[in-house]
Amino acid sequence: MDMTPWPWQTSIWQRLIALANESRLPHALMLTGPAGLGKERLAQALIARQLCQAPGDTACGACHACQMLMSGYHPDLMEIMPAERGKQIRIDAIRDINAFVSQTAQQGGYRIIHLAPAEAMTVAASNALLKSLEEPGRETLFILQSDIPSRTLPTIRSRCQQWSHPQPERASSMAWLTGELEDRQQAEFWWQVAGGRPLLARDLAAPEARQLRQDLRELFESLVRGGDPVAEAARLDKQALSDILWHGVLWLEDLIRLGVSGDTESVRNRDLMPLYRQAIKNGRIRDWFRLLDYAHEQRRLLAAGGNPNAQLVIESWLIRWSALLRS
Ligand SMILES: [Zn+2]
């Protein structure tokens, strides 16, 4: 378990700690913001600090509670997450929470329930959680995390204090990213692609993710030159549909922004500018919007646990891309 927040989380961390020091932390907080900002680490640092027996600005890292946490088990912490990434959190897990909060803390301090991501709860699970959120008992802290809070039940949201993760400060997160990638220029490039989300930037710069992006870029180039979309789709058969769509959405958003306003500053994939210019010459903005809608719809289906035929989805999407580029 990580005991300290990321360097770009200083301001939100200080606000949380100020409340904790005045014993004014809410009994339930929901940390929101898109993936790649470090919400998980912030939650862990807060959990550690609240369970620590001798906390300073962060957990001490040395006391019995900290040692238990670092060994991976603390009796007053319950962590709830889906069995597998992308799966749901079911009502059984919530029943465990309700039993947990009805006991007193083993170590005489806080009892903490960390649940992530909140949008993974089924409706039945959410409804079961409401009771504990309403009558939490003393010294109980719920920390819920959500990438997409609009997908959680309003009744859950309204019982939590919302903490929206701020956009990371450029200086501190760029310094971190430069250290991670060992190259300032690379850091600048991936930072821009990731929309300023440092952990996402690091993940995108990893070799496998980089290769996928390179493959997609070559595919896009081929389509712009009039390549066959079905043949091109076959090149992607080993890649995750969600990752392909993620890039596709980003590129279409770039294209649309560029096409509507001509604004090059907000373009996230700067290296694709020549392709964008060619595409804008060929296609119409409202058709780009349709492609974007299609990609969003497929991503929504995937997120809802759907299992579409990836090859068909990609083919159909690329055929539309290609038709636009030729029109
Ligand atoms: Zn400690």
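Analyst: Start with two terms. Buried means under 20% relative accessible area, exposed over 50%, and partly exposed in between, with a 1.4 Å probe and protein chains only. Helices (H or I, at least four residues) and strands (E, at least two) are DSSP runs numbered from the N terminus. The model is predicted, so local features need pLDDT of at least 70 and side-chain atom pairs count only at pLDDT 80 or more, while totals for chains, interfaces and linings use all residues. Residues are numbered from 1 along each chain as its sequence is written, and side-chain values use heavy atoms, with hydrogens and water left out.

User: Which residues of helix α3 are buried?

Analyst: In α3, residues 64–71, they are Ala65, Cys66, Met68 and Leu69. Seen down the axis of α3, these buried residues fall within an arc of 160° (taken from the directions from the helix axis to the C-beta atoms), so they line one face of the helix. The general idea is that an α-helix has 3.6 residues a turn, so residues three or four places apart point the same way.

User: What do the buried residues of α3 pack against?

Analyst: They pack against α2 (39–51) and β2 (77–80), where contact means heavy atoms within 4.5 Å. After α3 comes Gly72, with a positive phi near 105°.

User: How do I read phi in residues that are not glycine?

Analyst: Most residues other than glycine have a negative phi, and most peptide bonds are trans. Ser23 is not a glycine, yet its phi is positive, about 55°. Ser23 sits in the loop between α1 (10–21) and β1 (28–32) and is exposed, at 66% relative accessibility. Glu182 also has a positive phi, near 55°; Glu182 is in the loop between α7 and α8 and is exposed at 72%.

User: Which peptide bond is cis?

Analyst: The bond from Ala116 to Pro117 is cis, with omega near -10°. Pro117 lies in the loop between β3 (111–115) and α5 (123–134).

User: What is a nonpolar core?

Analyst: A nonpolar core is a set of buried Ala, Val, Leu, Ile, Met, Phe, Trp, Tyr and Cys residues joined through side-chain atoms within 4.5 Å. The largest one here has 52 residues, and Phe220, Leu252, Tyr276, Trp288, Trp317 and Trp321 touch the most other members. Helix α12 gives the most to this core, eleven residues. Leaving aside neighbours within four places in sequence, Phe220 is in contact with Trp251, Leu275, Tyr276, Ala279, Trp321 and Leu325. A second, separate core has 29 residues, among them Trp13, Leu46, Ile47 and Ile112.

User: Is Leu141 buried or exposed?

Analyst: Leu141 is buried, with a relative accessible area of 0%. Leu141 belongs to strand β4 (residues 140–146). Not counting residues up to four places away in sequence, Leu141 touches several residues, including Leu25, Tyr110 and Ile112. Leu141 and Ile47 are 94 residues apart in sequence, but their C-alpha atoms are 8.9 Å apart in space.
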